[in-house]
Amino acid sequence: MEAINTHYRTCNLCEAMCGLEITYQDKSIISIKGDKKDALSKGHICPKAVALQDLYHDKDRLKTPIKRTENGWVDISWEDAFDEVAAHIKSIQKKYGKNAIGSYRGNPTVHNVGLMLFGAPFMQSIGSNQKYTATSVDQLPHHFASLMMFGHYLMFPIPDIDRTDFMLIMGGNPAVSNGSIMTAPDFANRLKAIKQRGGKVVVVDPRFTETSKIANKHHFIKPGADAFLLLALIHVVFDKDLTKQGHLQDHLNSWNTIKELVKDYPPEKVAKIVGIDTEEITALALQFASAKTAVCYGRLGLSTQEFGGLCQWLVNVLNCVTGNLDAEGGALFTKPAIDIVGMSKMTGKTGSFNKRRSRVHNLPEFTGEFPVATLADEILTSGEDQIKMMITIAGNPVLSTPNGKHLEEALESLEYMVAIDIYLNETTKHANIILPTTTGLETPLYDLVFHQFAIRNTAKYSEVLFKKTDEQRHDWEILKALTTRLSGQENPLNLEQTLDYMLQFSTCQEPKLSVAELKKHPHGLDYGALKSQLPERLFTEDKKIELAHPLFIKDLERLNAKFNQIEKESNTSYPFALIGRRHLRSNNSWMHNSERLVKGKERCTLIMHSNDAKALNINEGENVTVTSTVGQVKLPVEVTENIMPGVVSIPHGWGHHRKGTKIAVAQDNAGVSLNDLTNNMQLDVLTGNADFSGTKVKIEA
Ligand SMILES: Nc1nc2c(c(=O)[nH]1)N[C@H]1C(S)=C(S)[C@@H](COP(=O)(O)OP(=O)(O)OC[C@H]3O[C@@H](n4cnc5c(=O)[nH]c(N)nc54)[C@H](O)[C@@H]3O)O[C@H]1N2
Ligand SMILES: Nc1nc2c(c(=O)[nH]1)N[C@H]1C(S)=C(S)[C@@H](COP(=O)(O)OP(=O)(O)OC[C@H]3O[C@@H](n4cnc5c(=O)[nH]c(N)nc54)[C@H](O)[C@@H]3O)O[C@H]1N2
Ligand code: SF4
Ligand SMILES: [Mo]
């Protein structure tokens, strides 16, 4: 027996970047606790971190490549697997053209430094423009707004939560999700601290969420109506002369255009559609604009709706016209040690929109990718550039993208599919070859992305805790091996060397950092709170913020048409609006194989308001059928007052009943998939992002 050791690392499961203190002996974990000395998280963790050990010990996890044959899955050596995959990519491209290879990269990609650094060259070596990621079922509207307003798709304004006096949270539930596009571990206590220093927290959400419970005030809102509310809030700010330009006054384009545009949206006009009284909307705007500092934070529920692009634009506009953009206590831009945004000054990669359109549904490209809404049809529709082979990397789109059943059908029709993943699950079971990777405790970590979205500038490198076995491969090793075979050139650098290169290349920290230096600081390095950086940081040509890009102005026509349509509409065949929800012990679709996390009360339930339940004669715990235009599921009901009447909620990421997977615990706790009800053709036409907030459904006992 070895002695008991302590290891410090960052949790890779969500965006909060919590520091962990792990005690272990040999290959057994004794405890996983929050690292009190961590530069950012100061000891906070959630139950998922403890389950990192389950992931490490999970018997269902794949460790070596498997290949599908007529007699089922068989083992295959790494070298044979790499050769076979590369040969298929080449032969399919020879037969059908470069674009016949489609790819989908999922959420854990951004939590995995190996996938981040070796993914781009791999994609380049394939050279197909049929690229898809989870971005278009998530934060695409944020990128869109940043590109149009600040000239860079990654320039996200981050709420200065620790110094603000007023926080308006729309479409986010950070008390459960632990925050997103805002790395702020221990969100709940940071919100409580706002109240303790005399400030205010207001939540706008169709559900009275866990975050709402902490807030001073919660407003129910009808799903999809946020753009109207934001326009009305900005209307009041202008109408009552509460605008503030501050240090940005010479750097704002289209101020008068915004002022004119919002005249059309007084609170009394939108109140009914939004579901919030005129007086309440006006009061909210007045409180926001007159607070010493304030910040509006709009997250997933605002992005994944019909007007996601407009919403994220208007959130930025509200912050800007009240003097809270690039200002302490408002929303600030970051400058991390590896500054991907800053590096674009040299690489020129600032994002792109509409450089080409997708083949089947004519949807716009964004920064090299197409909306995943169209993926299934790009596989199923014949013609030039039809996808014949798919590569999925760290993604489970069968459960995580709208109309999953349609995608299942598409994946089955492929000539060939490869999955780089840790499980044989709902998506990877369609592959011909699965290339399994190390994960969690077996991998090193430097959060390239989440340092860029964090409320403080910090830097931290986590070393491997448990060395992988000789037969395992890291994600980056797999990508590198395939890239070499495709390009004919071997990249001489390994992961650590590549990271070192980036630390040297990045411009911010003096003296320059290195991996060796970071290793000396296992709790991370703190470079302090965010600071004002505008106008210097802007990537727009004229170094000004574009407050009213023509694309947004044009999209208001679509919003206005919606206004007139809702006025007339009475959709009786599908009377309920379906929204999603997250749970502290889930992580999208893939942590349900941990007994520790799934045990206890069933969580894949339909939440429904008691008045609605009564009207339909439905009792707590009863099974109901939920039907949308694309599918049907059956699940138990939870009756509550904590959701807006007319709105129902099902968590996403479940539906593990599908046959042919190897995730036994998840299968025993299968639930149903929300995305068997959502419609892939329901999207934000402006950005191409999926719209699954407010899917129309009917409910039967
Ligand atoms: N209706 C509805 N749909 C949603 C959402 C919603 O709120 N409602 N949320 C959306 C959001 S925000 C997101 S981000 C997407 C997520 O969409 P996806 O990324 O497609 O789905 P995940 O469930 O995160 O699947 C992650 C996959 O990566 C694998 N994996 C885990 N760790 C590693 C690793 O280290 N290496 C490799 N190679 N593989 C790994 C897992 O086994 C799993 O197959 O879902 C979206 N879908
Ligand atoms: N425990 C846990 N943590 C996670 C994840 C997880 O699966 N589990 N996933 C991670 C990922 S990938 C992401 S992107 C983040 C997401 O983090 P958040 O953005 O906090 O996402 P959600 O918790 O889904 O919160 C979205 C909220 O929007 C509300 N909503 C739905 N429709 C509307 C609408 O039309 N208007 C308004 N105003 N609100 C609406 C929902 O009721 C919900 O409360 O969480 C991350 N953290
Ligand atoms: S909040 Fe996120 S980063 Fe922190 S321990 Fe939980 S899953 Fe890990
Ligand atoms: Mo996400």
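**The shell around the ligand**

Author: The residues of the shell around ligand 1 divide into twelve nonpolar, 14 polar and four charged. Please keep in mind that this is a predicted model.

Reader: Which residues of the shell come nearest to ligand 1?

Author: There are 30 residues around ligand 1, and those that come nearest are Tyr104, Asn107, Ser400, Asp421 and Ser589.

Reader: What makes the approach of Thr437 to ligand 1 a polar contact?

Author: A polar side-chain atom of Thr437 lies 3.3 Å from a nitrogen atom of ligand 1, and a polar contact requires a pair of N or O atoms within 3.5 Å, so the pair qualifies as a polar contact. The side chain of His652 can be judged in this way too, with an N or O atom 3.4 Å from a nitrogen atom of ligand 1, while at Asn396 a polar backbone atom is 2.9 Å from an oxygen atom of the ligand.

Reader: How much of ligand 1 does the protein bury?

Author: Taken alone, ligand 1 exposes 920 Å², and the protein buries 97% of that.

**Aromatic rings**

Reader: How many aromatic pairs does a search of the whole structure find?

Author: The search finds 19 aromatic pairs, and a pair of aromatic rings is described by the distance of the centres and the angle of the planes.

Reader: Why is the pair of Phe187 and Tyr297 called tilted?

Author: The ring centres of Phe187 and Tyr297 are 6.4 Å apart, and rings pair if their centres lie within 6.5 Å. Their planes stand at 35°, whereas stacked needs an angle under 30 degrees and edge-to-face one over 60, so the pair is tilted. The pair links distant parts of the chain, 110 residues apart, with Phe187 in helix H7 and Tyr297 in strand E13, and both residues are buried.

Reader: How do you know whether Phe450 is buried or exposed?

Author: Buried means under 20% relative accessible area, and Phe450 has 3% relative accessibility, so Phe450 counts as buried. Phe453, at 6%, counts as buried as well.

Reader: What makes you say that Lys269 sits over the ring of Tyr265?

Author: The charged end of Lys269 is 5.4 Å from the centre of the Tyr265 ring, and the distance part of the rule asks for a value within 6 Å. Lys269 also lies over the face of Phe563, at 5.3 Å from the ring centre.

Key. Residues numbered from 1 in each chain as written. Chains lettered and ligands numbered in written order. Predicted model: local features only at pLDDT ≥ 70, side-chain atom pairs only at ≥ 80, totals over all residues. Heavy atoms only, no water. Near = heavy atom within 4 Å. Polar contact = N/O pair within 3.5 Å; in protein donor to acceptor, adjacent residues only side chain to side chain. Areas by Shrake-Rupley, 256 points an atom, 1.4 Å probe, with all protein chains shown as cover. Nonpolar A, V, L, I, M, F, W, Y, C, P; charged D, E, K, R; others polar. Phe/Tyr/Trp six-rings, centres within 6.5 Å; stacked < 30°, edge-to-face > 60°. Helix = DSSP H or I, 4+ residues; strand = E, 2+ residues; numbered from the N terminus. Buried < 20%, exposed > 50% of the residue type's maximum accessible area, 1.4 Å probe, protein only. Lys NZ or Arg CZ within 6 Å of the ring centre and 35° of its normal.
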